[in-house]
Amino acid sequence: MLHINGLTKRYGKLLANDHLSFDVLPGRITILLGPNGAGKSTAIKAIAGLSRFEGEITIDGHDNKSLEAKRALGYIPETPSVYELLTINEHMEFIARAYGLTDGWRERADALLTRFELDDKRTKLGKELSKGMQQKVSICCALLSQPSLLLVDEPMVGLDPHAIKELKAVFREERDRGCAVLISTHMLDSVSDLWDDLRILMNGKIAAARTRAEVEASGESLEELFFDITEGREAAE
């Protein structure tokens, strides 16, 4: 579903992503894990088509900046960006029109807004919403089109416990539906019960890759692996 080959991103002399190559498969939750500054958000923005890069990124076989790829993508950014003068209802309708959705989208929108406790706030403008509510609107917008690839950057930031519980359930449901899910985070505990595939990012490079099956078979401690890679290499440098 998502294929990344040689993703490289530079900001002047800073090499933020150094020839990243990995796949995110349908029906799998892949975690891109690393400390702040490892290059996670840079990679996510490149995948979403929001920044220029060197290398190749395809979504369902299409260049990631193509219309076909964008139709397959649902994106939840770390910092929500809502339209200040649109109501929550109007956000959902805007997404439906942008994706060309027809049958059933209103019912799905209703279900999402109810699930994330936004049902009684439908007529509030974007600028009237708290950061947590804006994040919930971003989540509902990303899920409305039932994407083939769900791209998520630091998903739990700013959410209340109920929303975190529901979002985790949504990730599992999307995986069961056959969606490819890529989650970027620096908090291992927040995704320890979710993942199928793991990529640990350090200094812009993939420092380790594991599947859940490999970890369960070996008895390896992901926490020890993560801190050995991040803290050990930082100390060495």
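Is F94 buried or partly exposed? I looked this up before anything else. F94 has a relative accessible area of 39%, so I wrote it down as partly exposed. The model I am reading is a predicted one.

**Entry: aromatic pairs**

I searched for rings that pair up. The count comes to 2 aromatic pairs. One of them joins Y83 and F94. I then checked where the two residues sit. Y83 is in the loop between β6 (73–76) and α3 (88–98), while F94 is in helix α3. They are 11 residues apart, and the pair links distant parts of the chain. Y83 is partly exposed, because its relative accessible area is 43%.

Next I noted F226 and F227. Their ring centres lie 5.4 Å apart and their planes stand at 70°, so this pair is edge-to-face. I looked up the cover on each ring's residue. F226 has 7% relative accessibility, so it counts as buried. F227 has 37%, so it counts as partly exposed.

**Entry: salt bridges**

How many salt bridges does a search of the whole structure find? I got 17. I followed some of them up.

I took D18 and K205 to begin with. Their side chains meet in a salt bridge at 3.6 Å, N to O. D18 belongs to strand β2, and K205 belongs to strand β10 (residues 205–211). The two are 187 residues apart, so I marked this as a link between distant parts of the chain. D18 counts as buried at 17% relative accessibility. K205 is partly exposed, with a relative accessible area of 45%.

Then I turned to D197 and R28. They form a salt bridge, and the closest N and O atoms are 2.8 Å apart. D197 lies in strand β9 (residues 197–202), and R28 lies in the loop between β2 and β3 (29–33). The pair therefore ties together parts that are 169 residues apart in sequence. D197 is buried, with a relative accessible area of 8%. R28 is partly exposed, with 27%.

I also looked at D119 and R122. Their side chains meet in a salt bridge at 2.8 Å, N to O. Which of the two is buried, I asked, and which is partly exposed? D119 is partly exposed, with a relative accessible area of 38%. R122 is buried, with 17%.

Salt bridges link R115, K165, E166 and E173.

**Entry: a charged patch**

Which residues form a negative surface patch? I listed D189, E223, E224 and D228. I picked E224 to check. E224 is found in helix α8 (residues 222–236). Its relative accessible area is 59%, so E224 is exposed.

**Entry: helix α1**

I wanted to know how covered helix α1 is. This helix runs over residues 40–47 and is mostly covered. Of its 8 residues, 6 are buried. I wrote down the buried ones: K40, T42, A43, I44, A46 and I47. An α-helix has 3.6 residues a turn, so residues three or four places apart point the same way. After α1 comes G49, and its phi is positive, near 80°.

D60 is in the loop between β4 (54–59) and β5 (62–63). With a relative accessible area of 46%, D60 is partly exposed.

Q146 is not a glycine either, and its phi is positive at about 50°. Where does Q146 lie? I found Q146 in the loop between α5 (131–144) and β7 (149–153). Q146 is partly exposed, because its relative accessible area is 43%.

**Entry: D23 and I4**

I finished with one spacing. D23 and I4 are 19 residues apart in sequence. In space they are 6.0 Å apart, C-alpha to C-alpha. D23 has its place in strand β2 (residues 14–24). At 35% relative accessibility, D23 counts as partly exposed.

Terms used. Residues are numbered from 1 along each chain as its sequence is written. Side-chain values use heavy atoms; hydrogens and water are left out. Patches are made of residues with over 30% relative accessible area and no salt bridge: like charges are joined within 9 Å, nonpolar side chains (Val, Leu, Ile, Met, Phe, Trp, Tyr) within 5 Å. Accessible areas come from the Shrake-Rupley method with a 1.4 Å probe; for residues, only the protein chains shown count as cover. A salt bridge is a side-chain nitrogen of Lys or Arg within 4 Å of a carboxyl oxygen of Asp or Glu. Lys and Arg count as positive and Asp and Glu as negative; His and the chain ends are not counted. The place of a charge is taken as NZ of Lys, CZ of Arg, CG of Asp or CD of Glu. Helices (H or I, at least four residues) and strands (E, at least two) are DSSP runs, numbered from the N terminus. Buried means under 20% relative accessible area, exposed over 50%, partly exposed in between (1.4 Å probe, protein chains only). Rings of Phe, Tyr and Trp (its six-membered ring) pair if their centres lie within 6.5 Å; planes under 30 degrees apart count as stacked, over 60 as edge-to-face and the rest as tilted.
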